[in-house]
Amino acid sequence: MSFKIAASPHAHQRRTTQQVMRWVYVALIPGLLVQSYFFGFGVWLQITLALFTAWLAEAACMALRGRSVSHAWQDHTAIVTAVLLAISIPSLAPWWIIVIGTAFSIIVVKHVYGGVGQNLFNPAMAGYVLLLISFPVQMTSWPVPQQLALYSITLQDTAQLIFTGFTGAGYSLEQLRMGIDGVTMATPLDSLRTDLSQALTVSEATSKAIFASALGGVGWAWLNMAFLLGGLVLVKVRVISWHIPGGMLLGLLLPALLMSWFYPDQSVGPLLHALSGATMLGAFFIATDPVTAATSNRGRLYFGLLIGLLVFIIRTWGGYPDAVAFAVLLANMVVPVIDKYTQPIAYGHGGKL
């Protein structure tokens, strides 16, 4: 008999890693289309830069480790990391932001730990946190949804802004973040955090234009629903199980519901938590990384619950309005403990003699 040693994920299904990753690409399409509709063409330029950087970093690391460079992209894991990071950052961020983040994700988080299947932390989220801590201004400068923007920009303007910092007409990113009411706009979660910290009530905080006719903010609600649709497709075709996304949403929305009951003036409801920020992207595409998540179904449920609870805690009392990346990395650290206490008991070893 011959045995083949392979890196995780060890999925019990008749699909190769490449086929699984292709399903992830397909499921991401609705979210990518909605994101580009509301926030412009920048998302596609960021993805292009991320893919090019990931390809160079992956090939260089494989060559330095004495591995075949031609096999660098066969498992598609570097592609998924690059795409997830690219859609997590502001679409008009300077070009060097995505280059630094992608290079860190591939070189340090993935290959320093041994390559595919050996990394302890989610590469895309580790790269995101590095960027957020190192470059907070650039990483929190999300563009205004085009429906609320004072200025409209073309694809050429987008490219010039990403590579030079100014559009062809001379507008900077800060000027383009001006809304139709002449006020520089933040993301819904960031706006809520700022207003609640200044003793405004929830109803007062949600009276701004960014929340007009939208449960989770203009653009953000549709974006989360698009990622939810793609995530349900992954569950339907059994690329992922329901345990992690279900646990994460329960861990986030149940405390949000209770807080909104007891503190209605200072706590937003579960719908806004569900449809704002990176909630659905995190639940179905990021937390479900098979390498860094728990292995058993019960462990995955606890893992998801922990992420959801951490997201709620950080959003409510922490220093960052959207906490998905931090929550995922913190939960990654707890995976060995979760696996230790949730592994199924082997047949014949579960009872007492």
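Tutor: Let's start with a term: a salt bridge is a side-chain nitrogen of Lys or Arg within 4 Å of a carboxyl oxygen of Asp or Glu. This is a predicted model, in which local features need pLDDT of at least 70 and side-chain atom pairs count only at pLDDT 80 or more, while totals for chains, interfaces and linings use all residues. Residues are numbered from 1 along each chain as its sequence is written, and side-chain values use heavy atoms, with hydrogens and water left out.

Student: Thanks! Which residue forms a salt bridge with Lys208?

Tutor: Lys208 sits in the loop between α10 and α11, and its partner is in helix α9 (residues 188-197), so the pair ties together parts 13 residues apart in sequence. Helices here are DSSP runs (H or I, at least four residues; strands are E, at least two), numbered from the N terminus. The closest N and O atoms are 3.1 Å apart, and the partner is Asp195.

Student: Is Asp195 buried or exposed?

Tutor: Happy to sort that out. Buried means under 20% relative accessible area, exposed over 50%, and partly exposed in between (1.4 Å probe, protein chains only). Lys208 has 37% and is therefore partly exposed. Asp195 has a relative accessible area of 5%, so Asp195 is buried.

Student: How many residues apart are Lys110 and Glu58?

Tutor: These two form a salt bridge, with the closest N and O atoms 2.9 Å apart. Both Lys110 and Glu58 are buried. Lys110 belongs to helix α4 and Glu58 to helix α2 (residues 42-64), so by DSSP runs the pair links distant parts of the chain. Their separation is 52 residues.

Student: What else is Lys110 in contact with?

Tutor: Contact means heavy atoms within 4.5 Å, and neighbours within four places in sequence are left aside. Lys110 itself is buried at 4% relative accessible area. Besides Glu58, its contacts are Thr77, Ala78, Ser105, Gly115, Val116 and Asn119.

Student: Which residues does Leu84 contact, leaving aside neighbours within four places?

Tutor: As background, in soluble globular proteins nonpolar side chains tend to be buried together. Leu84 is in contact with Leu28, Ala124, Leu281, Phe285 and Ile286.

Student: How far apart in space are Leu215 and Leu275?

Tutor: Leu215 lies in the loop between α10 (202-205) and α11 (220-236). Beyond four places in sequence, Leu215 touches Leu271, Leu272 and Leu275. Leu215 and Leu275 are 60 residues apart in sequence, yet their C-alpha to C-alpha distance is 7.0 Å.

Student: How many helices does the protein have?

Tutor: Of the 353 residues, 50% are buried. The secondary structure has zero strands, and the helices come to 16.
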